[in-house]
Amino acid sequence: MLAVRDLKVRYGAVEAVRGLDLSLARGQLLALLGANGAGKTSTLAAIAGLVPAAGRIEIAGETAGGLPPETLARRGVALVPEGRRLFAGLTVAENLTLGGAVHTPPAERRRRVAAMEERFPVLAERRHQKAGLLSGGEQQMLALARALMAGPRLLLLDEPSLGLAPQMVERVFDIVAGLKAEGLTILLVEQNVPMSLAIADQAVVLANGRAALSGPAAEVAASDHVRRAYLAA
Amino acid sequence: MDRYCRRAGALALAVTAATATGALAQDYVIGVAVANSGGLAPFSQPAYDGFKFCVDEMNASGGIAGKHPIRLEVRDTRSEISEAVKFAQEFVDIGVNFIVAPPDGDPTMAMGQITSPAQIPTMTFAGTAPILTSVGEYVFGSYPADNQQAAVLGAYAAELGYKTAFLLKSPDAAYTQFGPAYFGTVFEANGGQVVGEASFTMNQPDFSAIVTTIQALNPPPDVIMTSAWEPDFPAFIKALRGAGVTIPVMGADVLDTPTVRGLGEVVEGVVHTSGGYPDPGSAHAEFNARFEAATGKVADTNYVVNGCDILGMIDAAVQAAGTTDAAAVGQALAALPETEGIMSSYTFAGTDRMPMRSVVLARIEGGEKVIIRREMADPATMPAP
Amino acid sequence: MDLILQQMVNAVSLGGIYALLALGLAVVFSIVRLINFAHGEVMTVAGYGIWIALASAWPVAAAVALGLAVAILAAVSMERVAFRAMRGADVTTLLITSFAVSEIIKVLFQNGISARPVPVVLPAWMSGTLDLGPVRIGVIALISILTVALSLVLLSVFLRRTVMGLAMRAAAEDFPVVRLMGLRANHVIALAFAVSGILAGVAAVLWVAQRGSVDPLMGAAPVLKAFIATVLGGLGSLTGAVIGGFVVGAVEVCLQGFLPQSLLPYREAISLALIIAVLVWRPDGLWPAEQTSRS
Ligand SMILES: Nc1ncnc2c1ncn2[C@@H]1O[C@H](COP(=O)(O)OP(=O)(O)OP(=O)(O)O)[C@@H](O)[C@H]1O
Ligand SMILES: [Mg+2]
C-alpha cells in the first residue's frame, strides 16, 4: 500500500528526515516510534504532501511524491494531524462535512456524517457545538471521524493519544485497533510505545531522522534498545 | 566590450551636445507640466490636447513668431504637487523659454515659487484662483479668474430674484474654497444673503449628510452655489435631487464638461459660468471643427480651445518682446493690451497677470449647454483675491 | 428628531456599502493574508461595465448583471495573474503587489478610456423619493439598504450551508488542513476572490447609482474607508468587517451632519482620531477573528 524509499525532509538547515525506508502492506498497521524531534511528524507530512521531500513515495503502486495534499487526499490518503488541528470556529457537523468534501453528492456526505455520529455518539450530542469548545478526548474523536469521512485507503495518525487521560488513551487505541480490524491500512505515530506495539504488525524506531530499528512489532518490542528506552523493562 | 561601450558613450554624448546646441540656436522650448492621471487629469488632458494641436499647427507655419520652432518638454505630474515642484526645478535647469503649469492654482503656485525667481514666465493651463499670480512676477493665469466669474454669477443670481444662498465649499483647493466665497461676497453686495455653508472633501464618498443638512434649513435657501468638480459635483447633485430637493444650483466653469451635461434629469437647469461658447460661425466653433477633423477628438470642453489660446498668448508676448528671452517675454506678456483670442479676447495690461476675459453664463438644458449671455466682469465689483 | 432619523438612514446606506467592500477585503485577507488594495479597482471595473452596458442601451438589469460579471472576472484574474505568483509571500510584499496592481489598472483606465468621469444615467424612477413616516428616503438609498441586507444574508447562507463556504471559513483558520480534506487550494482561493469580486460589484452598482458617474479613481476612496473598517472590526474577521463598515459610515455621516461649521474641514482627521482611539482601547478591533479554543 505504502512504500517509502530514501525519504529526506529538510527545513532550511535542519535535516528532519535523513533517508528513511518504510513499507506497509494493505490492511497492516505500522507503528512509527521515536523520541521528540526524531522526524515522525515530518515523515507523515511528507507522505501527505504537506512538505516537500526527496526520495520515492509510492501509494498503491503509484508515485505519490511531489503531489499536492489535495490530490493525495483524493487518492485516499487521510492524515489526522499532530495536535488535531480541528476547525475550531466551525461546528462539529461542519468539521465532519468538510472531512467528506471529496464526495460531491451532498446526500453521500450526509449519509457519512450520520454513520460517524453513530460510531461516535458523543459527536451527535455535540453536533452544533464549536469544535474548539470540545474536550480533548472529544476533539480526538472528531479529528478521527473527520479523517474517516473521506473513506481513506491509507490512514496516517500523528500521536492520537497525546494529552489524553489514561481511560481516553485506551479508547483511542481500541478505535485504532477496530479500524485495522476493518481492513484499513494505518501508519501510526505514537509516543505510547507499549500500546502501539500491542496493536501493530510492523514497527520502525526513528532516531535523528533515520530508522534505528525496524521489523515485526513483536521483534522490535523484544529488542534491547526498545526495552531499555521505552518499555521500562 | 569595453571599447564598444566607450564608443557608444561618446556617440551618445555627441548626439546630446548636438541637440542641446541646436536648441540654443533656434528652438523655442516650452516646459509643459501635465497631469495625465489623478484629480487634475480631466482638465489637463483636454487642455494639453488643444495646446499640442496648435503647437503642431504653428510649427507647420514656421513656429513661434513665425520663426522659432517650438519644442515641448512634457512631464507628467500625475496631479502631485511634489512632482510639479520637481519638474519646475528641472525646467529651470534646462533653461526653458516658457512653462505651462497644471490646470489648478495650487500646483501652479508651487511651480511659480521656483520658476518666477528664475524669471521664466509660467502660465497655468486652466487654474482660475486669482491668488495664483501672487507668488511671483512671472506667474500668469489664462482663464477668466474665479473672482471675475463670481462677479458675473453673483450679480446674475441676485438679478434672478434669489434672496438667500447656500455655499458648498471644499478647503482642498483654493478654487473650491474661494470660488463660492467670492460668489457670496458679490451676492451679498447685491442684496442677497448667505444663509449656510457646508464643507466637503474632494473625492468624498457620500453627500447624503450634506443634503440632509440643506433639507433641514427652514426656510430653504433660494439657490445653492458650489465650485465642486468631477466626480464630487455629480455625486452631490445626484444625492440632492435623489433626496427630492429642487433648489436651483449654480456652479463654476468646471461644470462645462460633457460628463456633467450627461448626468441627465438631475442637472437640468443648472447654471454655471464658463470661459466661452462656440457660437455658430465664430472662431471658437471653427477651431472646434478643425480640432475634431485633425485629431478625431471632440472639443467638448473649453479647456481645449483655451489650450490653444495659451499658445496664442505666448506667441503674442514673443512678438511684442521681439525676442525669445524668457524674462523679456514675461514682461511683455504682463503688459499685453487687449488681444484677439479664439475663445475670447484677453487683456493682461492693468491686471495682476490674471487676464481680463469675458465670462459666459450658461444653463444646462436637455443635456446641452445653452448660453444665457456673455459679459465682462466689472473690476469695481470683483472681490479682491 | 427627524434630522437624526434622516442622518441614520444616510449612515446605514453609506455604511452598508463600506460593509460590502470591507467584507470583500476580509474574505481575501482571512485566507491569503493579502490586504488587496486593488479591491477598489475591481469596483471601478464594475462601474465601467455598467457604464458600457447602459451606454449601449442595455436594460438596467442586464447592465447590473454585466457589472457583477466583470467584477468577478476582474477579481479572479487579478488573483490568477498577479497574486498567485506571490502566494506565500509576506504581508508587506503582497500589499505592495496589490498597490502596483491598483496603480496599473487606474492608469489603464485613465489612458484607455478617459481620466474624466463618464456619466451613468439610470432610469428616472430610480431617482425618486419615498416618504416613510418622518423620513424621506431616496429610492436609490432604499434599494441600497435592501441590497446590502440581502447580500449579507446570502453570503451568510453561502458560508454556512455550502461545502465551499465552509471551506472558506475553515481556510481562514488552517489552510493546509483544508487541503488535507481534498479541497484544491487554487479553487478555494479563486472562490474567495470571486466572492470579494461580487461584493465589490454590488457595491459598485450601488455607488454608481448614487453618484451618477464613473472615473478611474472611483474605487480608491471607498476602499480606503473599507480598509479602515476591516482594521476597526478586526483584520480577517468577517463579522468585524461588517460592523466596522457600518461604524465608519456612521462616523462619517455624523461628523458631516453634526459638527459645527468651523470644525467641518477637520472631520477626516477627527474621524481617524476616533478610530485610532477605538484601536487603542481594543487593539484587535471591535470583533476580532474568532479564537475558539479551550486552553
Ligand atoms: N517547520 C519546521 N521548520 C524548521 N524545523 C522544523 C520544522 N518542523 C520540524 N522541524 C524540526 O525537524 C525536526 C523533526 O521534527 P518532527 O516534528 O518531524 O519530529 P517529531 O518526531 O514529530 O517530534 P515530536 O515527537 O516532538 O512530535 C525537529 O528538529 C524539528 O525542530
Ligand atoms: Mg511530531
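Author: A charge sits over a ring if NZ of Lys or CZ of Arg is within 6 Å of the ring centre and within 35 degrees of the ring normal. The model here is predicted, so local features need pLDDT of at least 70 and side-chain atom pairs count only at pLDDT 80 or more, while totals for chains, interfaces and linings use all residues. Residues are numbered from 1 along each chain as its sequence is written, chains are lettered from A and ligands numbered from 1 in the order in which they are written, and side-chain values use heavy atoms, with hydrogens and water left out.

Reader: Over which ring does the charged end of R146(A) sit?

Author: The ring is that of F87(A), whose centre is 5.0 Å from the charged end. In chain C, R282(C) lies over the face of W281(C), 5.7 Å from the ring centre.

Reader: How should I read a pair of aromatic rings?

Author: Such a pair is described by the distance of the centres and the angle of the planes. Rings of Phe, Tyr and Trp (its six-membered ring) pair if their centres lie within 6.5 Å; planes under 30 degrees apart count as stacked, over 60 as edge-to-face and the rest as tilted. Over all chains, the search finds 19 aromatic pairs. In one of them, F43(B) and W229(B) have ring centres 5.7 Å apart and planes at 80 degrees, so the pair is edge-to-face.

Reader: Which parts of chain B does the pair of F43(B) and W229(B) tie together?

Author: F43(B) lies in helix α2 (residues 41-60) and W229(B) in the loop between β8 (223-226) and α8 (232-242), so the pair ties together parts of chain B that are 186 residues apart in sequence. Helices (H or I, at least four residues) and strands (E, at least two) are DSSP runs, numbered from the N terminus. F43(B) also pairs with Y303(B): the centres are 5.5 Å apart and the planes at 80 degrees, so this pair is edge-to-face. Y303(B) belongs to helix α11 (residues 302-321) of chain B, so here the parts tied together are 260 residues apart in sequence. Ring pairs link F43(B), Y143(B), Y175(B), W229(B) and Y303(B) into a cluster.

Reader: Is F43(B) buried or exposed?

Author: Buried means under 20% relative accessible area, exposed over 50%, partly exposed in between (1.4 Å probe, protein chains only). F43(B) is buried, with a relative accessible area of 4%; Y303(B), at 3%, counts as buried.

Reader: How is the size of an interface given?

Author: It is often given as the accessible area lost when the parts come together. Buried area is the accessible area (1.4 Å probe) that two parts lose on being put together, summed over both. Chain A and chain C bury about 2300 Å² between them, 61% of it on carbon and sulfur atoms. E70(A), F87(A) and L98(A) supply 25% of the area that chain A buries against chain C, more than any other three residues. The contact (heavy atoms within 4.5 Å) takes 27 residues from chain A and 22 residues from chain C.

Reader: Which chains have the most contacts among the 2 pairs that touch?

Author: Chains B and C do. No contact joins chain A and chain B, whose closest C-alpha atoms lie 35 Å apart.
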